[in-house]
Amino acid sequence: MKKTLGAAILAALIPLFFFVQPAYAATGLHISGTDIVEANGQKFVMRGVNHMHTWYAGQTQSFADIKAAGANTVRVVLSGGRWTANTAADVQNVIDLCKANKMICVLENHDTTGYGEDAAAYTLDQAVNYWVGLKSVLTGQEDYVVINIGNEPIGNTNPGQWTAATVAAIQKMRSNGFQHLLMVDGPNWGQDWQYTMRDNAQAVLDADSQHNTVLSIHMYAVFNTSTSIVNYLDTFKNNGWPLVIGEFGWRFDSSQVDHETLLSEAVARDLGYLGWSWAGNTDPVLDMAVGFDPDNLSTWGERIFNGANGIKATAREASIFGGVSPSPSSSSSSAPPSPSPSVSTPPSPSPSVSTPPSSAGCSAAYAVTGQWQGGFQGEVKVTAGTAAINGWTLTWTFANGQKISNAWSADVTSSGAAVTARNASWNGKLAAGGTTSFGFLGSWTGTNAVPAVTCTAS
């Protein structure tokens with residue numbers, strides 16, 4: 001049928017309507033389409049980690065250490081009373097530390113973790129009350145602070161309640177005058193395995209009068225295949241919904257999250273990611289910095305900061321701080337989380353034994369990074385000598401009957417007390433002076449002495 005002139009004009013205008021951007025705060029981080037952008041319109045992609053500040057409030061040096069490792073964002077765990085409450089003065093100090101170290105600060109209230117399944121958990125409405133009590137130190141920080149209303153706010157019991165609770169929380173934040181970019185976690189302890197957030201995302205986004213909310217998925221063992229990760233991310237991409245990966249662990253055994261796919265897909269899609277966590281976990285397999293020591297990165301720490309698609313290779317500082325581009329790292333390498341990670345006192349670094357490298361060889365340093373009755377976690381750091389190497393093989397002999405039950409980032413075999421470890425396909429080539437590491441779980445009885453390790457380069 002022939003178009004009238006009016007219809008033709010209308011057809012020409014329709015595309016313009018579709019590209020009109022939603023309203024957002026006059027200043028500050030905000031959503032544009034599926035992207036997070038700064039007040040000046042510069043796209044900002046989060047590359048960072050989580051820091052458990054509420055349990056380790058004295059570890060303020062961690063902010064500088066996380067920045068020095070390459071991050072442009074830190075997600076900071078806070079509590080309004082389920083644990084020792086973080087006061088307005090403390091939160092102001094956290095914001096100041098983030099700004100001093102040129103990182104965007106994602107502040108999250110951990111009190112809501114597992115509501116409906118964990119009797120101690122707070123509601124999202126209570127979390128909003130906490131933020132309202134902090135409004136005096138949050139107002140004016142819209143360029144620097146993202147408010148993650150509540151961590152993993154619904155457990156696996158009645159996850160359907162998430163939609164109404166999240167809508168009400170967003171609306172209550174806006175009615176109290178908050179102009180910040182808001183972040184909301186999915187139910188099912190953040191992993192959304194029943195797809196409540198995926199299937200109700202539009203209703204939640206539409207509830208924000210500022211159109212300034214980003215959805216956050218936490219990826220652990222539920223996402224243990226590349227297909228599960230790609231399919232989930234594709235749904236959000238195809239629907240034009242803004243998303244970040246607000247927490248994730250790594251593939252220390254085959255049942256865990258496929259972090260390699262996660263990282264590569266996040267980089268390919270310009271999705272922000274925030275790994276869990278810097279240090280302090282009860283299960284140290286999730287710690288990136290052993291004992292909060294930035295010079296003693298675990299296998300997980302080396303992988304997320306220095307590996308392919310990792311933080312150092314892909315992070316760009318927010319333009320409000322100067323917008324420093326990433327610098328590739330010379331080294332590369334690669335936590336069964338409970339529904340929400342738990343904490344304990346930080347592990348103490350254990351003694352290690354190193355073998356000196358020849359000029360074209362390699363050295364190895366063995367350390368026990370965590371130990372409990374009958375079991376332990378070990379890590380071995382491999383360092384190339386003064387020349388590049390194409391591969392490495394380590395050997396050692398246990399003196400006290402220790403046995404390795406599981407290993408990651410290396411091919412480890414045992415014959416009695418003798419152990420041989422060979423590089424994985426992706427971490428054998430090291431530049432001169434470059435490092436990588438691998439880890440393992442083992443058993444011990446009586447004594448758990450550190451063996452001497454021999455490194456042979458190829």
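Me: How many residues of helix 10 are buried?

Reply: Eight of the eight residues of helix 10 (residues 299-306) are buried, so the rest of the structure largely encloses this helix. Buried means under 20% relative accessible area; exposed means over 50%, with partly exposed in between (1.4 Å probe, protein chains only). Helices here are DSSP runs of H or I with at least four residues, strands are runs of E with at least two, and both are numbered from the N terminus.

Me: Which residues are those in helix 10?

Reply: Thr 299, Trp 300, Gly 301, Glu 302, Arg 303, Ile 304, Phe 305 and Asn 306.

Me: What kind of model is this?

Reply: The model is predicted: local features need pLDDT of at least 70, side-chain atom pairs count only at pLDDT 80 or more, and totals for chains, interfaces and linings use all residues. Residues are numbered from 1 along each chain as its sequence is written, and side-chain values use heavy atoms, with hydrogens and water left out.

Me: Overall picture, then. How many helices and strands does the protein have?

Reply: The secondary structure comes to 11 helices and 19 strands. Of the 458 residues, 52% count as buried. The protein exposes about 17,500 Å² (Shrake-Rupley method, 1.4 Å probe). Carbon and sulfur atoms supply 53% of that area.

Me: Which strands make the closed barrel?

Reply: Eight strands, in the order 3-4-5-6-7-8-9-10, with parallel pairing. Two strands pair if DSSP finds at least two bridges between them. On average, neighbouring strands of this sheet are turned by 25° against each other, direction ignored.

Me: What joins strand 9 to strand 10?

Reply: Two bridges do, between residues 243-248 and residues 272-275, and the strands run parallel. Ile 245 has Tyr 273 in strand 10 as its bridge partner.

Me: Which strands does helix 3 touch?

Reply: Helix 3 (residues 88-100) packs on the sheet and touches strand 4 (73-78), strand 5 (104-109) and strand 6 (145-148). Contact means heavy atoms within 4.5 Å. The direction of helix 3 makes about 150° with that of strand 5. Axes are lines fitted to C-alpha atoms, for helices over the stretch in contact, and angles run from 0 to 180 degrees between N-to-C directions. Helix 4 (residues 124-133) also touches strand 4, strand 5 and strand 6, at about 130° to strand 5.

Me: New topic. How many salt bridges does the count come to?

Reply: 12. A salt bridge is a side-chain nitrogen of Lys or Arg within 4 Å of a carboxyl oxygen of Asp or Glu. One of them joins Lys 67 to Glu 317, with the closest N and O atoms 2.7 Å apart. Lys 67 lies in helix 2 (residues 61-68) and Glu 317 in the loop between helix 11 (311-314) and strand 11 (352-354), so this pair ties together parts 250 residues apart in sequence.

Me: Is Glu 317 buried or exposed?

Reply: Glu 317 is buried, at 8% relative accessible area.

Me: What does Glu 247 form a salt bridge with?

Reply: With Arg 75, at 2.9 Å between the closest N and O atoms. Glu 247 sits in strand 9 and Arg 75 in strand 4, 172 residues apart. Glu 247 is buried at 0%, and Arg 75 counts as buried at 0%.

Me: Which residues are linked in a network of salt bridges?

Reply: Arg 75, Glu 108, Asp 185 and Glu 247.
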